[in-house]
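Take a look at the structure below. The paragraphs that follow walk through it step by step.

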Number of protein chains: 6
Amino acid sequence: MSQYVVTFGEMLIRLLPPGRLRFSQADSLDMFFGGAESNLAVSLGQWGLPVRYVTKLPDHWVGDGAIRYLQQYGVCTRHIARGGPRMGLYFMERGASTLRSPKVVYDRSGSSFAAARTDDFDWKEALADANWLHVTGITPAVGQLTSLQEAIKEAKRRHIPISLDLNYRAALWSREEADRVMRPLIPDADTIIGLDQDLIQGMGEQLLPNQPYAKRAEAIRRGLQQMEQRYGTGKVYLSTLRNPISAARNQLSGYSLQNGEIRESALYDFEIVDRVGAGDAFAAGYIYAKQQGMEPQPCIEFAVAAAAMKHSIEGDANQVSVNEIQDFMAGERYGVVKR
Amino acid sequence: MSQYVVTFGEMLIRLLPPGRLRFSQADSLDMFFGGAESNLAVSLGQWGLPVRYVTKLPDHWVGDGAIRYLQQYGVCTRHIARGGPRMGLYFMERGASTLRSPKVVYDRSGSSFAAARTDDFDWKEALADANWLHVTGITPAVGQLTSLQEAIKEAKRRHIPISLDLNYRAALWSREEADRVMRPLIPDADTIIGLDQDLIQGMGEQLLPNQPYAKRAEAIRRGLQQMEQRYGTGKVYLSTLRNPISAARNQLSGYSLQNGEIRESALYDFEIVDRVGAGDAFAAGYIYAKQQGMEPQPCIEFAVAAAAMKHSIEGDANQVSVNEIQDFMAGERYGVVKR
Amino acid sequence: MSQYVVTFGEMLIRLLPPGRLRFSQADSLDMFFGGAESNLAVSLGQWGLPVRYVTKLPDHWVGDGAIRYLQQYGVCTRHIARGGPRMGLYFMERGASTLRSPKVVYDRSGSSFAAARTDDFDWKEALADANWLHVTGITPAVGQLTSLQEAIKEAKRRHIPISLDLNYRAALWSREEADRVMRPLIPDADTIIGLDQDLIQGMGEQLLPNQPYAKRAEAIRRGLQQMEQRYGTGKVYLSTLRNPISAARNQLSGYSLQNGEIRESALYDFEIVDRVGAGDAFAAGYIYAKQQGMEPQPCIEFAVAAAAMKHSIEGDANQVSVNEIQDFMAGERYGVVKR
Amino acid sequence: MSQYVVTFGEMLIRLLPPGRLRFSQADSLDMFFGGAESNLAVSLGQWGLPVRYVTKLPDHWVGDGAIRYLQQYGVCTRHIARGGPRMGLYFMERGASTLRSPKVVYDRSGSSFAAARTDDFDWKEALADANWLHVTGITPAVGQLTSLQEAIKEAKRRHIPISLDLNYRAALWSREEADRVMRPLIPDADTIIGLDQDLIQGMGEQLLPNQPYAKRAEAIRRGLQQMEQRYGTGKVYLSTLRNPISAARNQLSGYSLQNGEIRESALYDFEIVDRVGAGDAFAAGYIYAKQQGMEPQPCIEFAVAAAAMKHSIEGDANQVSVNEIQDFMAGERYGVVKR
Amino acid sequence: MSQYVVTFGEMLIRLLPPGRLRFSQADSLDMFFGGAESNLAVSLGQWGLPVRYVTKLPDHWVGDGAIRYLQQYGVCTRHIARGGPRMGLYFMERGASTLRSPKVVYDRSGSSFAAARTDDFDWKEALADANWLHVTGITPAVGQLTSLQEAIKEAKRRHIPISLDLNYRAALWSREEADRVMRPLIPDADTIIGLDQDLIQGMGEQLLPNQPYAKRAEAIRRGLQQMEQRYGTGKVYLSTLRNPISAARNQLSGYSLQNGEIRESALYDFEIVDRVGAGDAFAAGYIYAKQQGMEPQPCIEFAVAAAAMKHSIEGDANQVSVNEIQDFMAGERYGVVKR
Amino acid sequence: MSQYVVTFGEMLIRLLPPGRLRFSQADSLDMFFGGAESNLAVSLGQWGLPVRYVTKLPDHWVGDGAIRYLQQYGVCTRHIARGGPRMGLYFMERGASTLRSPKVVYDRSGSSFAAARTDDFDWKEALADANWLHVTGITPAVGQLTSLQEAIKEAKRRHIPISLDLNYRAALWSREEADRVMRPLIPDADTIIGLDQDLIQGMGEQLLPNQPYAKRAEAIRRGLQQMEQRYGTGKVYLSTLRNPISAARNQLSGYSLQNGEIRESALYDFEIVDRVGAGDAFAAGYIYAKQQGMEPQPCIEFAVAAAAMKHSIEGDANQVSVNEIQDFMAGERYGVVKR
């Protein structure tokens with residue numbers, strides 16, 4: 001019987017003007033479905049891993065559209081609750097090179113997910129055939145801390161490994177509040193993605209994008225080590241490091257710390273089609289690699305390669321195959337038409 | 001100095017799949033700005049009447065886009081409050097002939113307008129140079145009864161004529177609640193559009209679209225007369241009558257009652273490009289005609305012709321000129337290319 | 001455990017110029033996935049029925065796209081074989097009212113499905129959890145008679161009911177050849193859709209669209225009766241009757257014959273958005289209704305209503321919900337915006 | 001050696017907002033090439049008749065685009081002069097059913113064609129291998145009377161038959177001026193399309209679209225007879241009669257008068273995709289039929305069928321094949337997908 | 001009472017093929033409104049400065065569309081004359097990196113503006129509440145020297161500061177003619193943008209883009225100094241310096257000279273979305289900064305930053321807010337999604 | 001009488017998702033016509049050279065569309081055979097910078113061209129007025145070796161110069177098979193483009209894109225010399241060298257060897273819009289230059305410049321004029337708007 005990776009969080013609709021137009025110039029909007037956990041589920045689903053997404057969506061045709069999107073990639077939608085007022089959404093403008101950064105306006109308050117009751121989700125059922133639970137810091141930030149705790153509790157009861165992407169969003173809560181809520185969740189997780197909030201506060205200066213890359217890499221290494229000191233060596237600590245050369249070109253690498261050993265991935269340099277969802281592609285890549293039984297170094301390599309390739313994809317979720325990621329890691333020469 | 005028609009209400013974004021596609025088939029959405037009072041303001045603005053729109057919009061670039069849309073048609077936006085969480089919006093699917101009716105999903109809860117405080121609107125200022133106030137039943141339905149009452153109070157103080165479009169929306173409140181709230185507002189209005197709610201309840205059967213047209217016309221006439229009996233002869237009572245032959249073809253006529261005399265407009269028969277906003281085009285047409293000093297019969301004729309022509313326009317607001325309406329009323333032969 | 005409706009046939013890509021453009025005016029083509037059995041599977045999948053589609057698709061990203069399309073609607077794609085040279089496709093021009101009929105150019109020769117070997121399909125597995133098998137006359141016409149026979153044989157062995165849509169396509173084979181191949185298949189089917197070929201030859205004159213509707217209806221009735229005489233009373237015989245008023249407007253009704261009793265559905269009159277797939281929507285509607293345990297008259301009513309509503313949908317497969325079909329059958333007044 | 005139909009006139013660019021949008025709602029414009037004689041040339045070219053188009057186009061890439069458009073349909077462009085300031089163009093809004101008529105704004109003044117010198121055109125060369133010359137009343141209206149006269153003179157010298165489409169355009173000149181200029185041209189023509197201007201003035205009332213169809217048909221017949229009386233029996237006189245039921249639906253028939261005998265075509269009733277260029281399709285149809293050696297009745301039938309079918313085509317020129325016109329005339333049942 | 005920046009000049013329609021297509025590959029054209037002074041007005045209008053645009057537009061719906069475009073950004077259109085034959089327009093092809101430069105074909109001859117009479121513009125009225133007049137060298141080049149002189153005379157009479165953008169366009173007139181006409185206008189201006197024509201002739205070699213940047217910067221400095229020597233120290237002399245690395249990437253800086261002191265702005269390096277209108281954005285930025293009472297150095301900095309950011313905007317006019325420009329000048333790190 | 005360049009090969013339809021979308025995200029496909037010899041014919045046709053394209057296309061409206069495409073550029077289509085089952089096509093995804101290479105799925109088996117009989121082509125007629133024959137290695141690879149041999153034989157008989165582009169496609173045949181078939185064709189050709197297959201095998205390592213550019217240039221030089229040693233000095237041997245910096249940026253230069261002398265062109269560095277057809281643009285450029293009587297060095301310069309500029313063009317065939325290529329070779333500064 002299949003063993004599912006289960007993930008839980010809010011799904012969003014992204015709306016953005018075509019091409020480089022500004023919102024007030026547009027009379028149509030491109031539409032993509034997103035949300036951190038949904039993006040992860042879609043990655044895993046298209047890579048052939050049994051994956052289940054738990055959320056709450058309104059019970060009308062907008063919600064139906066979201067479900068069809070998920071099913072398209074083979075994501076199990078059986079445990080999605082239906083009802084409530086609305087789907088969260090966000091408006092975005094694509095940026096332009098060094099001149100305009102991409103801009104986001106969130107419109108997610110009062111969503112069906114945020115307004116869900118804890119009994120909308122039956123964790124005994126949803127986790128019955130699971131072998132991994134992935135959650136993020138966005139879920140408590142939008143008011144579903146209790147449901148999240150129940151999911152974690154049930155997963156612990158069943159000895160299901162848990163990954164937690166800290167995923168701090170300044171638009172949703174303050175660093176202090178995030179700190180207070182997220183810290184108690186970390187000890188239950190087996191894999192932690194991101195640096196915990198007080199670390200970030202403590203080493204914020206060093207992590208700023210206008211610091212030299214090497215200095216920031218050093219800060220990431222120290223941050224991971226401090227997390228291991230604080231939360232113990234039984235866990236895997238993961239982080240990416242992004243070097244934003246311009247809105248159109250970035251560099252990306254990744255770090256893992258496990259049992260005291262820090263591993264660093266290859267560094268990729270690329271132009272960006274759409275950078276939303278790269279972090280989710282990273283988490284998905286790591287879970288996939290882990291589920292395939294890869295060693296720690298290949299795990300971080302696969303995760304970072306998946307995250308890098310996401311930047312070539314329009315839309316919130318990664319749309320590259322495992323083969324494409326492997327070719328990419330193998331250094332395939334791009335720019336040659338494959339025919 | 002210009003004298004403004006002032007109107008007050010919530011602005012909405014409409015999002016709809018291109019052409020005849022269903023929502024779940026679409027990957028972009030056509031976007032229009034709407035909202036009953038905004039539509040009326042745009043009609044009047046493009047016809048050259050000084051018009052001011054009072055609302056509250058979020059203080060970011062989505063709200064800016066709404067303001068630019070209004071300005072395009074010459075609408076005064078100086079008294080629009082800025083701030084709050086979001087703009088209301090609605091998703092719509094265009095219907096298809098006799099097979100699929102157009103479908104709407106509202107997503108307007110928690111909007112900046114609904115969450116506005118009464119002191120967001122300075123009626124002394126906004127009505128200082130006004131000569132007409134137009135309001136609708138949608139505004140109390142989304143929670144702005146007090147602000148509406150203050151606007152009406154200030155208008156009364158300044159002897160500014162008031163028009164009230166009852167505009168019942170089942171998605172927003174029950175008929176009973178609408179009844180309870182709207183009835184006390186009617187005595188303050190000079191022009192009432194629509195039949196008041198208990199009348200509708202009383203004569204509901206006769207007004208249903210599957211009743212014969214003549215029977216429904218009779219019900220409208222009786223309804224207007226009952227309103228005059230209840231609320232007095234000093235007012236103008238207006239109503240349209242729509243005969244929905246199919247989703248693609250309708251007939252439309254209009255009725256006014258003033259000092260005991262019922263007037264009926266010409267009946268138009270037409271195919272529909274987009275029927276959203278036809279009622280607002282009717283109200284705008286009436287106010288425009290009235291402001292131009294037209295007699296009662298031309299007033300109702302102009303209003304219905306404007307409403308009919310709206311059905312040829314993509315988007316929520318009417319985009320036809322006064323000249324085009326006059327040619328249309330004069331029976332211009334359509335189907336001849338004008339060159 | 002779920003019981004699947006299983007269907008087997010070739011999947012196609014439809015390519016057509018935007019709007020009313022002719023092919024040589026276009027520089028992009030709208031794309032839809034289709035194929036009779038795929039359309040049926042998508043209908044059933046979105047209506048919530050467990051449904052499995054068996055076919056063969058090339059093992060590259062064009063084939064992957066087809067699979068994602070199916071999954072979107074919940075269709076089980078586990079038994080789709082992968083490999084072979086190509087997907088069949090067809091070019092189409094939308095017609096225009098009474099002036100231009102829609103035109104199709106098929107390009108389906110040498111497809112992966114047509115070139116499949118019988119051992120590409122494991123019927124023991126694919127039918128293990130099935131409770132219905134649906135097949136059409138297109139499958140032998142493209143060269144998969146043996147595979148079809150094996151599927152039927154396995155279904156008979158498991159006492160799974162079989163529906164057979166005769167679905168004659170003049171572009172694929174002659175009436176004589178169709179006749180020779182299809183006749184021996186009919187006795188194994190429990191539900192037969194369409195009139196068998198010699199009947200059509202015998203009563204061809206009466207079935208031509210330029211014959212009066214009543215005369216054609218009479219021919220359908222006689223045709224069904226002759227089929228029952230030939231193939232026995234234990235089966236259900238089904239047919240639609242289309243009255244093509246113009247390329248843009250049709251009428252549609254349906255007939256069933258079961259145990260000597262002919263039932264006729266309501267007659268629908270409608271304008272057409274896209275008429276491809278209406279027959280498949282009819283078959284899907286019938287199977288759905290049957291699976292829900294409906295009586296014979298509601299079964300034919302549901303099937304015809306589903307087929308009629310398909311004409312409002314862009315694309316090959318029906319995209320209307322069970323609720324919408326029921327509202328439609330209940331005579332809901334279309335043309336009223338639902339809000 | 002091929003014998004060419006040669007035509008001479010101004011080419012235009014048509015720009016129109018997508019779909020039903022009004023100009024001020026659009027941020028892109030659909031583009032088509034047009035102009036009466038260019039439309040005729042494209043019809044004949046795609047039907048396989050050797051055809052040459054003589055005009056003057058600016059010597060830059062906008063003019064190059066026009067030339068490629070013509071070549072696409074096999075039109076000989078060798079005698080097109082290059083240079084001058086600009087191409088004429090026109091903006092158009094598509095109408096909508098009975099509510100909005102299509103609207104045109106011409107912007108053709110100062111074009112390269114209007115500004116051409118008579119020696120830009122070498123009629124000895126251009127007519128050396130011709131067997132027909134087609135011209136219209138638009139050419140003198142835009143200021144190329146002298147060039148037109150030279151073309152006619154050379155054609156007469158070579159005994160090449162001449163067709164003249166009177167094609168009055170109110171935007172270009174007054175009826176009186178048209179009258180004065182066009183009348184002297186008629187005696188040189190062998191085929192005259194349209195009623196000459198004073199006739200129209202004399203019987204204007206009867207020709208108005210709001211007169212009954214039968215009365216207008218009678219006026220056309222009388223008009224043709226008066227022309228024959230005035231200009232002699234050696235010529236063919238042709239006219240269409242359009243019955244504009246709405247902007248979206250028209251009826252069309254045609255009349256020819258030759259040697260005292262009036263012939264009337266079938267009457268077609270159809271919905272309109274784009275009615276620009278229908279008259280040019282009529283003229284092209286007549287010339288084609290004549291060149292194929294058809295008898296007078298088939299000639300007028302083919303011409304009217306071609307003109308009717310043009311209404312199903314987006315763009316200024318007809319895009320239907322001879323086969324399609326013949327099937328259409330043969331009463332092929334439309335609404336049946338051809339597959 | 002508001003004090004307006006008033007500007008005067010011709011408005012244009014820009015038409016360009018979508019994306020990288022060449023004109024002859026396109027069947028639709030993207031449309032933007034432009035014209036140097038219109039672009040400046042739109043910049044100022046959206047930044048909240050009262051601004052009036054004086055021009056002449058044809059009195060039909062194409063002209064109406066232009067007016068709505070201006071109103072959208074809050075530009076006062078009350079003094080726009082209506083009538084005349086047409087709007088000027090230009091066709092453009094976007095270039096592609098180092099391979100194809102953007103190409104423009106002007107089609108502006110015979111426009112309503114060019115054909116306007118001097119009494120179409122009532123400068124007493126249009127400048128009654130003005131505090132700045134901005135004009136460019138394009139206006140005399142298209143034949144409106146007298147109107148321009150009258151505007152300047154009235155502004156001088158009212159002691160309104162005048163800015164003059166020399167804006168030489170080779171397609172419109174020769175350098176000698178521009179020289180002869182523009183020189184006498186300079187003494188009346190308080191702010192001069194660009195180097196005057198003979199200077200350019202004198203130092204042409206040094207200003208060519210294939211000269212080293214430093215050498216060209218030196219030439220600009222000398223040019224400004226020579227202008228101050230010629231025209232006096234009471235004025236502000238401004239110029240940008242563009243370094244065209246490729247069609248897709250440029251560098252930009254700016255220089256001002258005031259009372260003998262040369263100031264140089266930051267140098268920006270960026271990729272280009274659309275470079276049309278950058279010079280107008282520079283002039284607008286300078287006037288805005290000046291009107292806000294900024295010091296000389298911030299004035300040139302703001303102007304250049306506005307001009308640089310324009311390159312990220314599709315369309316002729318700048319669409320960035322004051323806040324965005326200030327963040328940009330403050331060195332905000334681009335490439336980070338703002339959420 | 002015109003002397004034609006005649007070319008012979010298969011025409012293809014290219015279908016690709018809009019922008020950067022992946023195939024499974026698309027619901028429409030951009031369409032271009034292509035095929036190596038068709039691309040060459042279109043280049044020559046638009047440059048004004050008489051050119052004839054010989055192929056076989058299906059006899060329906062898809063084939064008609066292909067013919068119109070060719071005619072648009074002045075290509076003689078008189079000798080195109082009509083009939084057979086289908087046009088070959090290929091699906092393509094545009095790549096994205098260093099992350100995703102462009103991907104192609106061919107669907108060309110069973111095409112009308114591949115299935116053509118040798119008597120579909122009448123070489124006596126097709127080459128009667130020819131002065132050049134161009135063929136490629138794709139034609140034997142798709143099964144038309146015999147027809148190709150007949151074309152070559154007839155050309156030899158008439159002393160028509162022959163160019164042969166080796167054009168190896170791994171998707172169509174193995175290197176060994178290509179080797180065996182192509183080698184015997186080389187002696188009949190006067191101009192050979194590409195290195196013959198065993199050479200490539202022999203020096204494969206040096207030609208790989210991950211080798212340094214200089215080393216690969218050296219290999220090309222040696223390869224050309226070995227070909228001359230093998231096949232003799234009377235011929236011209238041509239090759240390009242591409243340096244794929246990324247999917248979005250390449251460098252390109254070219255080499256010719258004639259009578260023992262190797263010539264090298266300028267090296268161009270550019271960003272890529274669409275790189276399909278660059279090799280065909282190179283061959284076309286060489287033939288054009290040769291036909292214009294240019295010397296060997298200008299010939300290779302023109303060919304490489306044409307090939308480089310092709311990368312700025314959407315679609316399979318080059319769409320740049322001779323003037324544009326000459327300006328480009330003259331080092332025109334790109335990035336300056338031409339106005």
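**Where the chains meet**

Two salt bridges are counted between chain E and chain A. This is a predicted model. One of the bridges can be named: E:Glu324 pairs with A:Arg22. Their closest N and O atoms lie 2.6 Å apart. Polar contacts cross here too. The rule finds five residue pairs in polar contact across the interface of chain E and chain A, both residues at pLDDT 80 or more.

Which elements of chain E give two or more residues to the side that touches chain A? They are strand E15 (268-271), helix H11 (296-310) and helix H12 (322-329). Strand E15 of chain E gives the largest share, three residues. Now sort the side of chain E that touches chain A by class. It has 10 nonpolar residues, eight charged ones and five polar ones.

Next comes the extent of this interface. On one side, 23 residues of chain E take part, and they are in contact with 26 residues of chain A. Together, chain E and chain A bury about 2300 Å² between them. Of that area, 55% is on carbon and sulfur atoms.

Now turn to chain A and chain F. Here the contact takes 23 residues from chain A and 25 residues from chain F. The area buried between chain A and chain F is about 2300 Å², with 55% of it on carbon and sulfur atoms. How many salt bridges does the rule find across this interface of chain A and chain F? It finds two. In one salt bridge, the side chain of A:Glu324 meets that of F:Arg22, at 2.6 Å from N to O. The count of residue pairs in polar contact between chain A and chain F is five, both residues at pLDDT 80 or more.

Look at what chain A brings to chain F. Strand E15 (268-271), helix H11 (296-310) and helix H12 (322-329) of chain A each give two or more residues to that side. The largest share is three residues, from strand E15 of chain A. By class, the side of chain A that touches chain F holds 10 nonpolar, five polar and eight charged residues.

How are the copies arranged? Two copies of a chain are related by a rotation about an axis and a shift along it. Chain A can be laid on chain F by a turn of 120°, with a shift of 0.0 Å along the axis and an RMSD of 0.0 Å. That is the relation of a three-fold axis. A rotation of 120° also superposes chain E on chain A, with 0.0 Å of shift along its axis and an RMSD of 0.0 Å. Which residue of chain A comes closest to the rotation axis? It is A:Gly19, with its C-alpha at 5.6 Å. In chain E, the residue that comes closest is E:Gly19, also with its C-alpha at 5.6 Å.

F:Arg14 is found in strand E2 (residues 12-16). Is F:Arg14 buried or exposed? F:Arg14 is buried, because its relative accessible area is 0%. Leaving aside residues up to four places away in sequence, F:Arg14 touches several others, including F:Asp30, F:Phe32, F:Met92, F:Asp274 and F:Asp316. F:Tyr90 is also among the residues touched. A polar contact of 3.3 Å joins the side chains of F:Arg14 and F:Tyr90. F:Tyr213 sits 199 residues away along the chain, and its C-alpha is separated from that of F:Arg14 by 31 Å.

Technical notes:
Residues numbered from 1 in each chain as written. Chains lettered and ligands numbered in written order. Predicted model: local features only at pLDDT ≥ 70, side-chain atom pairs only at ≥ 80, totals over all residues. Heavy atoms only, no water. Contact = heavy atoms within 4.5 Å. Buried area = accessible area lost by both parts, 1.4 Å probe. Salt bridge = Lys/Arg side-chain N within 4 Å of Asp/Glu carboxyl O. Polar contact = N/O pair within 3.5 Å; in protein donor to acceptor, adjacent residues only side chain to side chain. Helix = DSSP H or I, 4+ residues; strand = E, 2+ residues; numbered from the N terminus. Nonpolar A, V, L, I, M, F, W, Y, C, P; charged D, E, K, R; others polar. Least-squares fit on C-alpha atoms with pLDDT ≥ 70 in both. Buried < 20%, exposed > 50% of the residue type's maximum accessible area, 1.4 Å probe, protein only.
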